[in-house]
Amino acid sequence: MGARLGQHFLRDEGARDAIAELSGAGPGVAVLEIGPGRAALTGRLLATGADVTAIELDENLAAKLPAAVGGDVSRLTIVNEDFLRLDLRTLGPGPWRIVANLPYAVGTPILQRILEWDAWDQAVLMFQKEVADRITASPGGADYGLLALSVLARADAAAAFDIPPSAFTPPPAVDSAVVVVTRRAEPRLPAAEEKAFWRLAKIAFAQRRKMAAGVLSKALGKTKAETEAAFAAAGLDASVRPERIPFEAWRALARALT
Ligand code: SAM
């Protein structure tokens, strides 16, 4: 049960304070906490004067949450549900400030669900360090890929700080990192471009060691000249590999090649 639900509880007081601080929680702010567990963060968030809605999948932990908070719980709403299945419309219009120390097994699906939702403005999320690096990656490194692009399509992400295994009970096998994700009022990727953009990026990143122009020209049935012209128009060298192509250049390529 503990492993499946990723139940590593944050015991480090400094990390608890830092996450509450980053969340921007304060009087009258609507905070959505995913996976409150034993209230490591919930108590801090309530203490700021925020209204906290906590979504906890584990029935036992959800039932014990008020006692675990130990103080005033009049501004706490507990929802005993799976965040991945919950009808998010039932939570109300927000805008929510999201806070979550995520179970590693479902960190990425939970992030994708948040990104597809509109009723939030900022999310302070903890992931396995390796996943956090892929979320915040810039073009040019091995970490940059579809996950970074999916965040950039709708938001901006910045690494905040790392947390060692010793900050948790029980300690996980890997390092963790906190990421601040800020939703853009206007997505970088307009809805009308989504299909072509993801088709292209998925084809190219499936063979990330190869030159994107060659892979795309073959997959899309384009001539070498057509593909090279599209790359030149996007400001890219024809020999570029997918991990060096910035977000806007993917958009330009998708428009030119599909
Ligand atoms: N926030 C607490 C802390 O920092 O100590 C607990 C963190 S623990 C890594 C993850 C928590 O998320 C657990 O309490 C677990 O039961 C809960 N959880 C796991 N999957 C969930 C899901 N799909 N929806 C809601 N809560 C979930």
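1. A pocket is defined on a 1 Å grid over the protein atoms alone, as an open set of points where a 1.4 Å probe fits, with protein on both sides within 12 Å along at least five of seven lines.

2. Residues are numbered from 1 along each chain as its sequence is written. The model is predicted, so local features need pLDDT of at least 70 and side-chain atom pairs count only at pLDDT 80 or more, while totals for chains, interfaces and linings use all residues; side-chain values use heavy atoms, without hydrogens and water.

3. The shell around the ligand holds 21 residues, of which Gly 6, Leu 10, Glu 56, Asp 82 and Asn 101 come nearest (a residue is near if one of its heavy atoms lies within 4 Å). By class, this shell has 10 nonpolar, six polar and five charged residues.

4. An N or O atom in the side chain of Glu 56 is 2.5 Å from an oxygen atom of the ligand. Nitrogen atoms of the ligand lie 3.3 Å from a polar backbone atom of Leu 57 and 3.0 Å from a backbone N or O atom of Phe 83. The protein buries 98% of the 600 Å² that the ligand exposes when taken alone (Shrake-Rupley method, 1.4 Å probe).

5. The largest pocket has a volume of about 430 Å³, taken as the space filled by probe spheres set on the grid points. Its lining comprises 28 residues, and Leu 5, Gly 35, Glu 56, Asn 101 and Pro 103 are the closest to its centre (lining residues have an atom within 4 Å of a point). Strands S1 (9-10) and S2 (30-34) each supply at least two lining residues; strands are DSSP runs of E, at least two residues, and helices runs of H or I, at least four.

6. The second largest pocket has a volume of about 150 Å³. Its lining includes Gln 112, Arg 154 and Trp 198. Helix H4 (107-115) and helix H7 (194-205) each give two or more residues to this lining.

7. Most residues other than glycine have a negative phi, and most peptide bonds are trans. Gly 94 and Pro 95 are joined by a cis peptide bond, with omega about 0 degrees, and Thr 169 and Pro 170 by another, with omega about -15 degrees. Ala 39, not a glycine, has a positive phi of about 75 degrees; Ala 39 lies in the loop between S2 and helix H2 (42-47).

Conventions:
Polar contact = N/O pair within 3.5 Å; in protein donor to acceptor, adjacent residues only side chain to side chain. Nonpolar A, V, L, I, M, F, W, Y, C, P; charged D, E, K, R; others polar.
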